[in-house]
Amino acid sequence: MPTAYRNNQGKFAAWDTGPCYCDTCRALFREDSGHDIPETENWENPVWRQYNEWRYQRIARWVKRMHAAIHEVRHDAVFIAAVQLMESLDTIRPGGWDIDYWVPYQDVLTFECQRRNTAPWWPGIQAKYLASLAPDKPRWMTTSYFYPWWRLYASPEAENRPWIAQQFANGVNTWLHINGGYSDLFDRRGLAPMREVLRRLERWEHYFDGARSVARVALIFSRHTQDNYGGGKPHARYLDFVRGWYQMELLFYRYGFPDPGRVLANAVRWALAEEPTVEVAAPDFVEVTLMAQPQRMLLHLVNLPVGKPVNTGWRHIGRNLVTVNDIVVRLRLAPGTRVREARLATGETTVPVREKDGSIEVTVPRLVDHEIVILEIA
Ligand SMILES: [Zn+2]
């Protein structure tokens, strides 16, 4: 670890203050826009939308200023400004946090990933966003093993394992947050399993360095749509749609109807007009990502905990990881590509590769929480 971490200083920025009507803010906004700060939040009012955007810009300027000031004192200091993605509208909107504006002023891009009232695949969507936003910068997400607002209660190992695994499966490093809140840390149940997971990740470190997603399909979303289209109903008009499309479709997401998911999957296949790169025969609670390093493909399998309804609002804690056996993975290779060896990261064991019609097939005998199929390219 860089020595700069020795003087680790943290500061919470305000996220629940609402608009500030002090003389300075009023004068600055008037100077920039020619308007007074609106008295009420009204998304139909263009001045309110202008003020909203102005606020994100002002906070970004503060981040820039802090970054410069800290580096002036210590050139090797590491400055991060942790933020959350849109799932946390209650904090990012009033806080004026837009990480897109902060990219040049952060040494490590960081998302908080602690709240657990979200969908089980939430760390994955955040990690994908972070990795696409800044592919050439170091990236972290916080992982806690407790519940926000119930900080003394350890979340079960079955939930923590895939929570962390998804970050690495999408090209992001983790930052384990150990916190007893305002009391001593007496619930230590989560510590031993986390130690084991982090040791495994350390062993796998060379599989993460410089690994990039080779996904051919993307979900594109923007904070501008969230605010300017979502307006006063950002959950219903924006967030549900992002979450819904991410996990196939709103009806599937909210109510679990399988057919809308099939329709969307078919639409993606039709629009791509090519054979899928990856096909995995596994239950729908297995998450799949495909990453690449030079001369190497890395297919991550993450087992999401079941017993956890995927709906909006609070959801139940994931307590069960159901081991999946004999997962068949099929990969379509670029013409002329040949796989020299296939291994599984857990035991560094080689597995047989079956070739047919420009594709290869590998069987993963057992998935507990996280596995990487490593394909060494000849
Ligand atoms: Zn002010």
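Modeller: Happy to. Donors here are N, O and S atoms within 2.8 Å of the metal (3.2 Å for Na, K and Ca), and because water is not among the atoms, sites may look incomplete. By that rule, the zinc ion has the protein donors Cys20 (SG), Cys22 (SG) and Cys25 (SG), at 2.2 to 2.3 Å. Along the sequence these donor residues follow the spacing C-x1-C-x2-C. Residues are numbered from 1 along each chain as its sequence is written, and side-chain values use heavy atoms, with hydrogens and water left out. Please keep in mind that this is a predicted model: local features need pLDDT of at least 70, side-chain atom pairs count only at pLDDT 80 or more, and totals for chains, interfaces and linings use all residues.

How covered are these cysteines? Buried means under 20% relative accessible area, exposed over 50%, and partly exposed in between (1.4 Å probe, protein chains only). Cys22 has 32% relative accessibility, so it counts as partly exposed. Cys25, with 21%, is partly exposed too.

Now for the wider chain. It has ten helices and 15 strands; helices (H or I, at least four residues) and strands (E, at least two) are DSSP runs, numbered from the N terminus. Of its 378 residues, 45% count as buried.

A nonpolar core is a set of buried Ala, Val, Leu, Ile, Met, Phe, Trp, Tyr and Cys residues joined through side-chain atoms within 4.5 Å. The largest one holds 29 residues, and Leu331 and Leu375 touch the most other members. Helix 5 (157–169) supplies at least two residues of this core, as do several strands, including strand 8 (286–293) and strand 15 (370–377). Apart from it lies another core, of 28 residues, with Phe79, Leu85, Ile99 and Tyr238 among them. In soluble globular proteins, nonpolar side chains tend to be buried together.

Contact means heavy atoms within 4.5 Å. Beyond its neighbours within four places in sequence, Leu375 is in contact with residues including Met297, Leu331, Val339 and Ile360.

Strand 8 also contains Thr289, which is buried, with a relative accessible area of 8%. Leaving aside neighbours within four places in sequence, the contacts of Thr289 include Lys128, Ala169 and His300. The side chain of Thr289 reaches the backbone oxygen of Ala169 at 2.6 Å. Its C-alpha atom is separated by 7.7 Å from that of Ala215, although Thr289 and Ala215 are 74 residues apart along the chain.

Note on methods:
Polar contact = N/O pair within 3.5 Å; in protein donor to acceptor, adjacent residues only side chain to side chain.
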